[in-house]
Amino acid sequence: MLYITAIAVIGGLFVLLAALLLAAERYLVRYGVCTVRINAGSTVFKVQGGGALLAALINNKIFIPSACGGKGSCGYCKVTVTVGGGPVLPTETAFLSRADVRSGVRLACQVKIKQDMEIGIPEALLNAKQYRSRVASVVTLTRDIKQLDFDLLDPTEIEQRPGQYVQIQAPSPEGPVFRAYSISSPSYEKNRIQLNVRLVPGGVASTYLHGLKEGDEVLFTGPYGEFRLSEDAQREIVCVGGGCGMAPMRNIIYSLYHQWPERSCWLFFGCRTTKDIFYLDDYRMLAKRHPSFKIVYALSDPLAADETWDGETGFIHLAVDKFLAPGVKRQAFLCGPPPMIEAVMDVLKNKGLTDTDIFYDKF
Ligand SMILES: Cc1cc2nc3c(=O)[nH]c(=O)nc-3n(C[C@H](O)[C@H](O)[C@H](O)COP(=O)(O)OP(=O)(O)OC[C@H]3O[C@@H](n4cnc5c(N)ncnc54)[C@H](O)[C@@H]3O)c2cc1C
Ligand code: FES
């Protein structure tokens, strides 16, 4: 008993000490003005030390991906810190490989600016901009997904690749937050973007977006994302989406047929019941114009009322396995919940695709 009490007391003292150190760092330590040099001095700014590197970059209009809004849970905000980053933190290790750590890769939302820093950011990311936009229309697609169209006000044009996403700025009691949303409108439409947003109960950004009306102004940054359509017209495209993971697929499919009207492409879409189906009629019309486009929707939890459904049932990876012949030259794009992505990746690898043939965003 005495032994347990001693451990509890010592543990409590450690927690108290850690809290005091954090409070002292926050309120007492002054790091002064620090200089941040990016890409060997191609961009330089000064900032009061003590804050997160990500916030300092945003304040200086450098908009790197930060899909979780700085919570340390997405791992997207990677930069290379060559000077002044301090030791890697426990909150970063899950997202960094050994090679990342060796080359100084860090999560910008976790690194605090405490001294002058030298950092590297890929040039492509420095092209992401902040956009001011106006809601042009809001359409209800399903019981929890809305389609929102935004006209671009400033700048008035966006260059995006099919499958990329933007980060919407949403208000919250703690100040603005950023969340990632894939662009569903095709890349050849330069003056607007369209999103498909699923309402997450109690979610800050999705509730804000679902509450928008025509004419409301919205800020976003972007575009971001690594999806890259192969220019090889002989390579078949496979799109697999679940829920709001439809958005990037719509962009990819319409952009694809704009450029390559004959190209072979599959769309696999998984949802729970017929109430969750959307865009199916649009895709059927597209398939009439482009017979090399094949559509498979699958219901994972059909209701009694869905008995007239004559499409697939079961998880979407089973449909992918059923319809795709092995050994075909392909590129695949996957978006949806992590378990769906893992299951589809396994199926695609069994069909002969390699890691470099598969792009995915988990959400
Ligand atoms: C690259 C990328 C692209 C994305 N594209 C889209 C898109 O096209 N359309 C879209 O609707 N979303 C998309 N998302 C998800 C989106 O960024 C937000 O995470 C989501 O809308 C929830 O944000 P929120 O602020 O409403 O919820 P938060 O305030 O962040 O979360 C509120 C609560 O809900 C939980 N939660 C968060 N997300 C989910 C979820 N998906 N399901 C269940 N519970 C959740 C949280 O843990 C928290 O407890 C994408 C994410 C990424 C990383
Ligand atoms: S912004 Fe998500 S981990 Fe840094």
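Predicted model: local features only at pLDDT ≥ 70, side-chain atom pairs only at ≥ 80, totals over all residues.
1. Six strands make up an open sheet with parallel pairing, and the order reads β15-β14-β13-β12-β16-β17. At the edges sit β15 (312–313) and β17 (358–362), each of which pairs on one side only.

2. Have a look at the β15 end while you are there. β14, covering residues 293–299, pairs with β15 in the parallel sense, over two bridges.

3. Strands β6 (residues 129–140) and β7 (residues 145–154) pair in the antiparallel sense over eight bridges, and the two form a hairpin with four residues between them. Val-135 has Phe-150 in β7 as its bridge partner.

4. β7 also pairs with β10, again in the antiparallel sense, over seven bridges. Here Lys-146 stands opposite Val-197 in β10. Keep β10 in mind, as this strand comes back with the ligand.

5. Which residues come nearest to ligand 1? Of the 20 around it, they are Arg-179, Ala-180, Tyr-181, Ala-205 and Ser-206. By element, β9 (177–182), β10 (192–198) and α5 (204–210) each give two or more residues to the shell. The largest share, four residues, comes from β9.

6. Some polar distances to oxygen atoms of ligand 1 are worth checking on screen. A backbone N or O atom of Ala-180 lies 2.5 Å from one such oxygen. For Tyr-181 a polar side-chain atom lies 2.6 Å from a ligand oxygen. Arg-198 places a backbone N or O atom 2.8 Å from an oxygen of the ligand.

7. How much of ligand 1 does the protein bury? Taken alone, the ligand exposes 930 Å², and the protein buries 70% of that. As for the make-up of its shell, I get twelve nonpolar residues, four polar and four charged.

How values were computed
Residues numbered from 1 in each chain as written. Chains lettered and ligands numbered in written order. Heavy atoms only, no water. Pairing = 2+ DSSP bridges. Near = heavy atom within 4 Å. Polar contact = N/O pair within 3.5 Å; in protein donor to acceptor, adjacent residues only side chain to side chain. Areas by Shrake-Rupley, 256 points an atom, 1.4 Å probe, with all protein chains shown as cover. Nonpolar A, V, L, I, M, F, W, Y, C, P; charged D, E, K, R; others polar.
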